[in-house]
Amino acid sequence: MKMTFRWYGPDDPVTLDMIRQIPGVTGVVTAVYSVPVGEVWPVEEIQKLKDMVNAKGLEMEVIESVPVHEDIKLGTGDCERYIENYKENIRRLAAVGVKCICYNFMPVFDWTRSRLDQPLPDGSQALVYYKEDVAKMDPTKLALPGWDSSYTTDEMAALIDAYKKLGEEGLWKNLEHFIKEIMPVAVESDVYMGIHPDDPPWSIFGIPRIITNEENLDRFLSLYDDPHHGISLCSGSLGCTRSNDIPKLVRKYSAMGRIPFAHVRNVKILDDGSFEESAHYSACGSLDVVAIMKAYHDTGFDGYMRPDHGRMIWGEKARPGYGLYDRALGATYLNGIWETLEKLDPR
Ligand SMILES: [Mn+2]
């Protein structure tokens with residue numbers, strides 16, 4: 001297992017100098033952020049990023065994300081050109097030593113929360129999803145991090161409408177086309193592609209979401225039969241519904257060698273199915289993090305892992321979910337569990 005940490009590039013208030021001091025973190029997970037979604041990343045930009053990371057003694061073997069343009073998900077407009085660009089990005093990243101690319105196929109919105117700074121009883125702040133609040137939200141007028149704010153209200157309404165018409169099966173068809181196009185390039189480049197599950201794993205605002213549960217993950221993997229075609233298994237995304245048994249899913253897909261990249265975090269599920277992001281420690285949320293780590297360990301997991309979102313603690317001001325302190329505690333906690341498992345059961 002290789003422990004990594006997400007880094008949002010030179011503008012991130014969490015710096016490489018800070019990250020390198022977290023025990024056991026050997027690399028960062030990052031991306032070129034200056035290029036519009038769908039376009040090819042300049043080789044010089046990729047190389048510059050890698051040089052910055054390597055200069056601090058860290059590795060840059062995982063990219064999160066190379067985003068998928070809406071035209072690909074909708075199968076419209078410049079879809080084929082964007083797919084060709086995507087292939088070129090895979091080749092260019094492989095050329096500098098990238099081994100794994102994380103992406104998602106969520107229409108319009110990336111992860112969705114109703115509030116990014118909900119105070120918790122201990123005085124920390126966390127990202128939360130309260131079903132009642134989400135039901136009152138107007139998706140054409142929203143602005144949250146991870147959401148594309150470049151759309152006008154009318155454009156957003158039209159986009160949402162197009163996805164409603166496309167429906168789940170239409171989205172599957174476009175995902176299959178994308179996978180069948182890019183995977184031969186990924187295999188040839190020896191890059192492991194890991195799809196990130198939808199967060200949360202259910203339809204919001206009537207827009208289809210399909211990377212949500214075991215049945216759909218099976219269907220996804222069956223689209224292309226090669227270990228390079230895998231899952232960035234995110235315990236917090238799939239785990240915010242009790243219907244997903246995370247240790248069981250980890251055990252199954254890790255044993256199949258289909259998890260190149262693991263996001264491990266906890267989440268607290270509330271009675272009405274809402275959820276709050278919690279500290280990584282098992283007792284703070286609804287997931288058994290030791291059982292998750294044991295499932296990885298038992299199946300000989302040798303991929304990349306990172307702590308996922310953290311709370312804001314100790315007065316830190318940073319990008320919601322991506323401060324230094326709570327994620328560093330998460331990395332250390334996960335490394336502690338892993339070291340224990342290794343010593344109890346050396347392979
Ligand atoms: Mn995640």
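The model in view is predicted: local features need pLDDT of at least 70, side-chain atom pairs count only at pLDDT 80 or more, and totals for chains, interfaces and linings use all residues. Residues are numbered from 1 along each chain as its sequence is written.

**First stop: the helix pair.** Select residues 246-255 for helix 9 and residues 289-298 for helix 10 (helices are DSSP runs of H or I with at least four residues, strands runs of E with at least two, numbered from the N terminus). The two axes are 8 Å apart and meet at an angle of about 15° (axes are lines fitted to C-alpha atoms, for helices over the stretch in contact, with angles from 0 to 180 degrees between N-to-C directions). Helix 9 and helix 10 are therefore roughly parallel (under 35 degrees). Now show Ile246, Pro247, Val250, Arg251 and Ser254 of helix 9, which meet Ala291, Ile292, Ala295, Tyr296 and Asp298 of helix 10 (contact: C-beta atoms, placed from the backbone, within 7 Å). Seven of these contact residues are nonpolar, one is polar and two are charged.

Eight strands form a closed barrel in the order 1-2-3-4-7-8-9-12, with parallel pairing (strands pair if DSSP finds at least two bridges between them). From one strand to the next, the twist averages 30°.

Select strand 2, residues 27-30. Three parallel bridges join strand 2 to strand 1, residues 2-6, and Phe5 stands opposite Val28. Strand 2 also has three parallel bridges to strand 3, residues 59-64, where Glu59 is the bridge partner of Gly27. Strand 2 is covered on both faces: Gly27 and Val29 on one side, and Val28 and Thr30 on the other, are all buried (20 or more other C-beta atoms within 10 Å of the residue's own).

Four strands in the order 5-6-11-10 make an open sheet with antiparallel pairing. Strand 5 (115-119) and strand 10 (267-269) stand at the edges with a single partner strand each, so one side of each has no neighbour in the sheet. Neighbouring strands here are turned by 35° against each other on average, direction ignored. Finally, select strand 6 (residues 125-129) and strand 11 (residues 275-277), which are joined by two antiparallel bridges; Tyr129 faces Phe275 of strand 11 as its opposite residue.

Technical notes. Parallel < 35°, antiparallel > 145°, perpendicular 65-115°, else oblique. Contact = placed C-beta atoms within 7 Å. Nonpolar A, V, L, I, M, F, W, Y, C, P; charged D, E, K, R; others polar. Buried ≥ 20, exposed ≤ 12 C-beta atoms within 10 Å, placed from the backbone.
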